Amino acid sequence: MEDIFKIAGKKIRSRFMLGTGKFPSDESMTEAIKASGAHVVTVALRRVDAGAGSGNILSHIPPGRIVMPNTSGARNAAEAVRIARLAREAGAGDWIKIEAIPDNRHLLPDNLETIKATGVLAREGFIVMPYFNPDLADARRLRDAGAASVMPLGAPIGTNKGVTTRELIKILVSELDLPVVVDAGLGRPSHAAEAMELGAAAVLVNTAVAVSGDPAGMAEAFALAVKAGRRAWLAGAGAARELAEASSPLTGFLR
Amino acid sequence: MRIKLNGRDAEIKDGSTVAALLRGMKTDPKSSLVELNMKVLRPAGWKETALQDGDAVEVFSFVTGG
């Protein structure tokens with residue numbers, strides 16, 4: 001069965017997107033990207049400290065991937081816009097994941113600033129993927145501002161707690177005519193499968209893969225879970241029931 | 001002369017170019033991005049752009065991240 005996934009009209013080969021942070025080495029990151037099959041891979045942008053030296057992360061990303069810079073480090077819309085423009089000037093392309101995070105303790109995004117940045121960057125031709133607190137009214141504002149998808153958090157970044165925003169994700173999926181990409185907090189392949197079973201178009205994972213004992217193995221496990229969850233969503237899960245219902249006939253043998 | 005480099009005061013040789021500044025920072029120019037006085041300066045301009053006293057230079061690089 002053909003199941004085409006598009007964002008902003010572009011065909012995306014995998015519903016599993018991978019972040020590049022926290023890997024033990026560049027080599028393990030490269031191997032994990034390959035094992036994940038991810039088509040969309042995120043990177044960040046930072047000031048370079050004098051004398052510290054820096055390698056070129058982009059050279060460790062296998063060819064044929066969409067490299068999507070994020071605006072991590074931005075606390076508001078203006079900073080997010082600045083980072084996005086800088087990344088594009090540097091040749092990173094038009095894809096941008098907006099993070100506008102004023103809160104270092106919980107790393108929760110500021111939806112208002114995220115919506116503002118989305119509007120500015122969408123008008124400048126960026127393919128905008130905003131990371132936000134799942135809220136239907138704000139999701140509609142992001143859509144109206146020109147977002148190519150919405151990226152609601154499953155749980156706070158790096159917590160590995162899973163789809164704690166489950167009910168809100170379900171509402172976004174049912175009400176929104178944009179791809180819903182669950183980002184952040186997915187700690188296990190089963191969490192990714194759950195997000196996909198709820199109807200998410202894709203998931204983005206980083207920490208759970210990068211800090212695993214075998215990042216490439218975990219990347220493959222997530223990729224399989226994403227496929228399984230997607231297939232289940234398309235097939236349609238049976239409704240949950242309060243009482244048991246036999247799967248074998250209850251009559252005609254002993255009685 | 002004195003410039004602001006990534007928000008901090010820095011002393012550099014008079015007439016230094018942006019390219020020379022990057023060399024001194026030991027950063028890979030292929031992955032570096034430069035803002036001069038809050039405006040992006042593309043790599044094509046690094047060799048010919050001599051810094052002036054009081055310039056604000058920000059140097060960025062792509063790094064890993066989710």
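This is a predicted model: local features need pLDDT of at least 70, side-chain atom pairs count only at pLDDT 80 or more; totals for chains, interfaces and linings use all residues.
Visitor: Which residues of strand S1 in chain B make up the covered face, and which the uncovered one?

Guide: The covered face of S1 (residues 2-5) has Ile3(B) and Leu5(B). Arg2(B) and Lys4(B) are on the uncovered one. Strands here are DSSP runs of E, at least two residues long, and helices are runs of H or I, at least four residues long, both numbered from the N terminus.

Visitor: New topic. Where does Asp53(B) lie?

Guide: In the loop between strands S4 (39-41) and S5 of chain B.

Visitor: Is Asp53(B) buried or exposed?

Guide: Asp53(B) is exposed, as its relative accessible area is 56%. With a 1.4 Å probe and protein chains only, buried means under 20%, exposed over 50%, and partly exposed in between.

Visitor: What does Asp53(B) touch?

Guide: Met1(B) and Arg2(B), leaving out residues up to four places away in sequence. Contact means heavy atoms within 4.5 Å. The side chain of Asp53(B) also reaches the backbone nitrogen of Arg2(B), at 2.8 Å.

Visitor: Now the two chains. How many residues does the contact take from chain A and from chain B?

Guide: Chain A gives 34 residues and chain B gives 23 residues. About 2,400 Å² is buried between them, and carbon and sulfur atoms give 59% of that. Buried area is the accessible area (1.4 Å probe) that two parts lose on being put together, summed over both.

Visitor: How many salt bridges are there between chain A and chain B?

Guide: Three. A salt bridge is a side-chain nitrogen of Lys or Arg within 4 Å of a carboxyl oxygen of Asp or Glu. In one, Glu35(B) is joined to Arg82(A), with the closest N and O atoms 2.5 Å apart.

Visitor: Which elements of chain A each supply at least two residues of the side that touches chain B?

Guide: Strand S4 (40-47) and helix H2 (77-89). S4(A) gives the most, with six residues. By class, that side of chain A has 15 nonpolar, eleven polar and eight charged residues. Ala, Val, Leu, Ile, Met, Phe, Trp, Tyr, Cys and Pro count as nonpolar, Asp, Glu, Lys and Arg as charged, and the others, Gly among them, as polar.

Visitor: How many bridges join S4(A) to strand S5 of chain B?

Guide: Five, and the two strands run antiparallel. Arg47(A) stands opposite Phe60(B) there.

Visitor: Back to Glu35(B). Where is Glu35(B) found?

Guide: In strand S3 (residues 32-36) of chain B. Glu35(B) is buried, with a relative accessible area of 2%. Beyond neighbours within four places in sequence, its contacts include Arg82(A), Leu86(A) and Phe60(B).

Visitor: And Ala84(A), what is its place?

Guide: Helix H2 of chain A. Ala84(A) is buried, with a relative accessible area of 1%. Not counting residues up to four places away in sequence, Ala84(A) touches Thr71(A), Ile96(A), Leu121(A) and Phe126(A).

Visitor: Last one. Opposite which residue in S7(A) does Ile96(A) stand?

Guide: Val128(A). S6(A) and S7 (residues 127-132) run parallel, joined by four bridges. They belong to an open sheet of three strands, in the order S6-S7-S8. Strands S6 (95-98) and S8 (151-152) of chain A are its edges, each pairing on one side only.

Technical notes: Residues are numbered from 1 along each chain as its sequence is written. Chains are lettered from A and ligands numbered from 1 in the order in which they are written. Side-chain values use heavy atoms; hydrogens and water are left out. Two strands pair if DSSP finds at least two bridges between them. A polar contact is a pair of N or O atoms within 3.5 Å; within protein, one must be able to donate a hydrogen and the other to accept it, and residues adjacent in sequence count only if both atoms are side-chain atoms.
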